[in-house]
Amino acid sequence: MKIPRLQVVSSVGIILSVSSALGFPADLESLLKRLSDPSESVRRAAWEGAAQEAGAAAIGPLAALASGDHREAALAASRAIDCIAHAAGAPGSPGRKDAAAALAGILERPGASEPVKLRALDLLSSVGEAEIAPALAKALADPKLCDFARKALERIPGASAEKALDAALAGASGELRDALIVSLGKKRARGSVAALTRLAAGEGSSRLAAATALAMIGDPAGIAAIQSVIRAASPRDRSTLTDEYLEMGDRLRKAGDEASARKIYQDVLSTSDEDTRRYAALHSIYSDGSEKDTGALVGAIDDASPRIRSLALELLASLKGDDINKTLLERFTAARGSQKAAFLRVLAARKAPGVERSLDAALGDADVDVKVTALELAGRLSDPANEAILAAALEKGSAPVKDVAAKACLDLADAKSKSDAAQAAKMYSRVFDVSQDASDKGRALLGLAGVAGVPADASLARIEAARKDPVLAGSANQAYVLHATAVGRSGKKEEAIAMLQSVVSSGAARETVRMAIASLKEFGGDPSVLQKKQGFLVSWKLMGPFPNKDGKGFDTAYSPEQEVRFDGTQKDDRGRDRKWQDFQSTAVDGKVDLRQAFQRSNDVCAYAYAELESPDARDVRLKIGSDDGVIGWLNGKKIHANNATRPCQVDEDVVNARLDAGKNRILLKITQGGGEWEFALRLTDRKDRPLDLTALGK
Amino acid sequence: MRRTTRRQFLARSGTAAAAAIAFPAMFPGAILGANERIVMGTIGCGGQGTGDMHAFKGAGMADFAAVCDVYAANRERARGANGPGCAGYNDFRDLLDRKDIDAVNVGTPDHWHALIATDACKAGKDVYCQKPLSLTIEEGRAMVTAARRYNRVFQTGSQQRSDDKFRYACELVRNGRIGKIKEVRTAVGRNPSCGWDPDEDPPAGLDWNMYLGPAKWEPFNKHRFIWDFRWFYDYSGGNLTDWGAHHNDIAQWGLGMDDAGPVHIDGKGSFPTSGLFDTPITYEVTYTYSSGVKLICSSEGNSCVFYGTEGEISVNRGYLASKPAEIIQVPIKEGEIHLYRSPNHYANFLECVKTRKRPICDVETGFRSVSVCHLGNISVRLGRPIRWDPANEKILGDEEASRWLSRPMRAPWHI
């Protein structure tokens with residue numbers, strides 16, 4: 001956008017008259033003039049050099065220009081202030097104090113606009129020091145400036161900034177008051193602990209903010225107040241404050257106050273009603289690996305939460321000390337069932353002396369949990385002789401042991417699949433029926449599809465049922481493709497094609513769709529049924545890439561815009577022969593990846609052409625997504641142009657159009673700056689219902 | 001019954017013991033979600049968040065029980081894609097209150113990432129968060145801390161890590177196939193400029209105050225909203241973070257700097273002379289690592305090239321080339337460095353939700369990569385070089401720049 005020269009002269013004239021009257025030097029007048037120049041290169045050079053040619057004294061006049069009506073000049077002046085402030089903030093700069101004072105002066109300057117004052121506060125948060133705290137304290141009283149002033153005081157180090165925030169508490173209320181309190185916390189303002197403790201103990205709405213700030217400051221004197229607020233808080237506030245409380249423990253530990261840190265962790269562990277927080281507390285107690293007191297861990301082995309039980313076992317496995325081994329061996333001897341198995345794992349992980357004896361005892365244990373755990377630890381699960389105990393564990397074991405048994409069964413089944421397919425299928429089926437683990441169930445399904453070739457009805461029924469289960473659908477679809485491929489290869493091609501098309505149109509994972517498409521091609525099926533039913537054009541002819549340096553390709557009419565020729569005589573922008581290349585989209589959402597087609601990715605554009613047979617003339621909508629810009633022509637008439645820089649989202653552009661009866665020609669130009677380069681086009685009726693292109697004759 | 005010797009037994013159990021508090025899989029089935037279907041929620045239902053949601057569904061094993069967006073049109077569209085059982089929320093905290101949700105997919109503008117992701121970790125959810133991971137370096141560290149404290153699986157959406165070409169390029173570099181690395185050059189694209197389109201009333205169904213959230217108050221302007229938000233420092237960091245979180249992430253990977261970063265950053269930029277956007281149109285940042293290797297990130301183009309004493313490797317989406325050309329023909333051998341392999345970024349996350357292993361672009365990795373980008377922006381905006389201590393995460397000897405490691409939030413938000 002150009003600035004009308006007359007207006008610029010008028011605007012600068014006002015500034016210049018003021019600056020001249022105040023006796024500003026000529027180079028400042030020159031700077032102001034250049035910042036208002038119609039030429040953007042002059043303006044940019046002016047602000048970029050402002051720090052070198054003008055000091056803090058220029059900030060006031062620049063603020064006046066930045067508050068003016070002429071946006072380019074105001075922007076340039078604002079950038080000049082930035083440059084001066086940042087130069088003053090550089091290490092060793094002698095001008096920092098003067099610049100900060102001048103920025104603070106903007107807050108009092110008549111005529112300075114609100115955005116300019118806010119910008120000054122932003123810059124003060126960068127370069128301000130203790131001396132500007134009074135000015136910021138004053139700004140705290142201005143409703144329009146107060147939050148920026150608070151943020152600046154939060155960033156500026158030193159006691160005077162803390163005092164300014166503290167002093168402002170008395171006159172503040174509501175959200176501002178809470179924000180001031182939290183800023184004190186962020187500053188670790190130890191001098192405010194007493195005041196914050198009183199606030200936390202009071203009845204006001206700021207109790208939560210005060211307790212949060214106390215936790216941020218990390219003074220043990222605040223612990224009792226924090227505990228009391230946590231007990232009384234709403235569930236959501238309780239969670240938030242407990243998080244800060246745990247972080248306080250970390251700060252205290254880092255500062256060397258291990259006893260206070262431990263007090264916090266133990267408090268959360270014993271009083272919180274949330275597994276997540278108790279988990280974090282337990283982990284914190286033992287996170288440095290040096291804790292000797294295992295009381296909390298042994299207690300947590302019986303915790304109601306499986307996550308905490310698991311963590312307790314893991315931590316027990318990692319703690320150092322022979323005395324712990326002794327305790328664990330005693331617990332192992334006394335325990336039964338799944339607990340005994342858990343202690344065995346811990347002893348194994350710890351390499352505890354005498355653990356071999358425990359293991360041998362466990363191998364002879366009647367309990368399936370203990371026995372299977374022992375077999376696993378002894379590395380004997382893959383022994384075919386264990387098939388029966390594994391089957392029993394699958395039926396009767398605890399959840400962790402069922403998991404181990406299922407995996408072992410699957411390993412055994414895999415090993416058997418070539419020599420005894422029937423028995424392997426039986427084992428796969430058993431795991432599928434009993435296991436609660438989706439990946440084991442999925443592996444079982446794939447095993448079923450693989451071993452049996454063409455599975456028995458019962459196996460196929462499992463696969464088909466699993467396709468409807470969102471958790472198992474991924475594996476089940478893969479198994480189904482394997483099965484369908486086997487069906488096709490047995491000669492039943494039509495049956496296989498129907499099965500495979502159902503996978504393609506089911507929204508299955510990309511890799512599974514690729515597998516299905518490969519098999520469809522093998523049996524002569526159409527792999528793009530889904531896309532066509534959703535109205536996507538998937539068969540395109542592409543030509544490119546053409547230049548698009550600085551985005552100029554969008555408005556450059558390359559030869560396909562004049563005429564589309566398939567006889568090999570199409571020319572490119574340099575008059576060379578170019579050919580159209582065929583491209584079939586296999587993406588479920590019909591996207592055409594132009595980078596894949598052209599192996600180029602920057603500053604280019606390309607054309608895409610497709611034909612569509614319509615049985616009659618009809619109103620439709622063309623829905624286009626493109627990365628980046630797109631122009632569209634229908635039957636030679638330009639119907640759409642969007643010079644965008646964007647990712648490709650299906651259906652983003654909607655264009656009402658009318659198809660002719662018979663052949664319709666669609667031409668797109670898609671531009672590209674960098675990154676992804678793709679497009680998708682589909683047709684719907686005027687009520688946004690996709691046109692089924694399989695039925696339309698295409 | 002065959003006796004097990006102590007040696008055999010300890011050989012099998014030793015690995016888990018060595019893993020100590022790294023949450024070994026020594027106790028199968030005991031971890032939340034290991035045996036369950038993964039129930040997810042999407043927070044931020046624009047193009048990216050919705051696209052990611054569909055990608056999760058395509059990868060299998062994930063159902064979306066809820067979606068959240070402050071713009072009703074986007075929220076309802078995403079909800080409709082999940083069927084009638086899917087709930088819709090305006091406030092992400094309501095979605096996080098749902099105990100049945102195991103993991104969240106965060107696709108909001110950048111200025112919301114840290115608040116939402118840390119709250120999600122605290123609520124016990126695993127997190128897939130779009131890149132750029134954070135708006136500031138302090139926010140990024142807070143995200144790592146929350147993920148670790150609550151033992152959450154946290155994937156950063158820099159999905160080039162799950163692209164074979166990028167992984168292979170980095171493996172070649174790490175195995176010395178182009179000799180000693182001298183320089184990496186990344187190009188991440190210019191930032192656009194725009195006009196002075198007037199402020200307007202927010203569209204119906206948009207909770208504009210919640211959209212702004214921790215960012216300063218501004219009246220609604222279409223440029224501050226969908227897509228264009230990334231050209232404002234209030235909400236993002238321009239292409240230096242938007243694409244930098246891809247290509248600079250790959251540079252970090254290739255250089256083996258996933259837990260570190262550069263020590264010197266020198267950036268320059270040319271800012272718009274008109275219009276609302278405030279990120280520089282052109283820019284170039286030279287990063288120097290402690291080894292002396294330089295990473296030069298510019299706005300001119302879109303590429304990632306490693307230069308060594310014996311050749312160069314250029315990699316991009318769908319593109320891998322080397323000079324000499326034979327370099328990329330020789331596969332990585334057994335015994336050489338093999339990097340984390342993930343064929344699908346979404347599936348990798350879902351798998352890790354089940355196994356509790358770290359995903360390929362763990363939060364610490366995403367944090368380190370976006371820190372590179374943020375440091376570049378700080379240098380560009382201040383107009384001077386800065387020194388960085390990656391071990392202690394401090395800017396050295398520059399008080400003003402140090403303050404830019406964090407950004408106070410608009411009340412009542414804080415992190």
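This is a predicted model: local features need pLDDT of at least 70, side-chain atom pairs count only at pLDDT 80 or more; totals for chains, interfaces and linings use all residues.
**Interface between chain B and chain A**

The size of an interface is often given as the accessible area lost when the parts come together. Here, about 7600 Å² is buried between chain B and chain A, with carbon and sulfur atoms giving 52% of that area. On the side of chain B, 83 residues are in contact with 104 residues of chain A. Six salt bridges are counted between the two chains; one of them joins the side chains of B:R403 and A:E129, at 3.3 Å from N to O. There are also 29 residue pairs in polar contact between chain B and chain A.

Several elements of chain B each supply at least two residues to the side that touches chain A, including helix 1 (6–18), strand 8 (264–270) and helix 12 (363–382). Helix 1 of chain B gives the most, with seven residues. By class, this side of chain B divides into 33 nonpolar, 23 polar and 27 charged residues.

**Aromatic pairs**

Over all chains, 25 aromatic pairs are counted.

| Pair | Centre to centre | Angle between planes | Class |
|---|---|---|---|
| B:F56 and B:F64 | 6.4 Å | 50° | tilted |
| B:F92 and B:W413 | 6.3 Å | 35° | tilted |

B:F56 counts as buried at 0% relative accessibility, and B:F64 is buried at 6%. B:F92 and B:W413 are buried as well. Because B:F92 lies in helix 4 of chain B and B:W413 in the segment after helix 13, their pair ties together parts that are 321 residues apart in sequence.

Ring pairs also link B:Y71, B:W208, B:Y211, B:F220, B:F225, B:F232, B:Y235 and B:F277 into a cluster.

How values were computed:
Residues are numbered from 1 along each chain as its sequence is written. Chains are lettered from A and ligands numbered from 1 in the order in which they are written. Side-chain values use heavy atoms; hydrogens and water are left out. Contact means heavy atoms within 4.5 Å. Buried area is the accessible area (1.4 Å probe) that two parts lose on being put together, summed over both. A salt bridge is a side-chain nitrogen of Lys or Arg within 4 Å of a carboxyl oxygen of Asp or Glu. A polar contact is a pair of N or O atoms within 3.5 Å; within protein, one must be able to donate a hydrogen and the other to accept it, and residues adjacent in sequence count only if both atoms are side-chain atoms. Helices (H or I, at least four residues) and strands (E, at least two) are DSSP runs, numbered from the N terminus. Ala, Val, Leu, Ile, Met, Phe, Trp, Tyr, Cys and Pro count as nonpolar, Asp, Glu, Lys and Arg as charged, and the others, Gly among them, as polar. Rings of Phe, Tyr and Trp (its six-membered ring) pair if their centres lie within 6.5 Å; planes under 30 degrees apart count as stacked, over 60 as edge-to-face and the rest as tilted. Buried means under 20% relative accessible area, exposed over 50%, partly exposed in between (1.4 Å probe, protein chains only).
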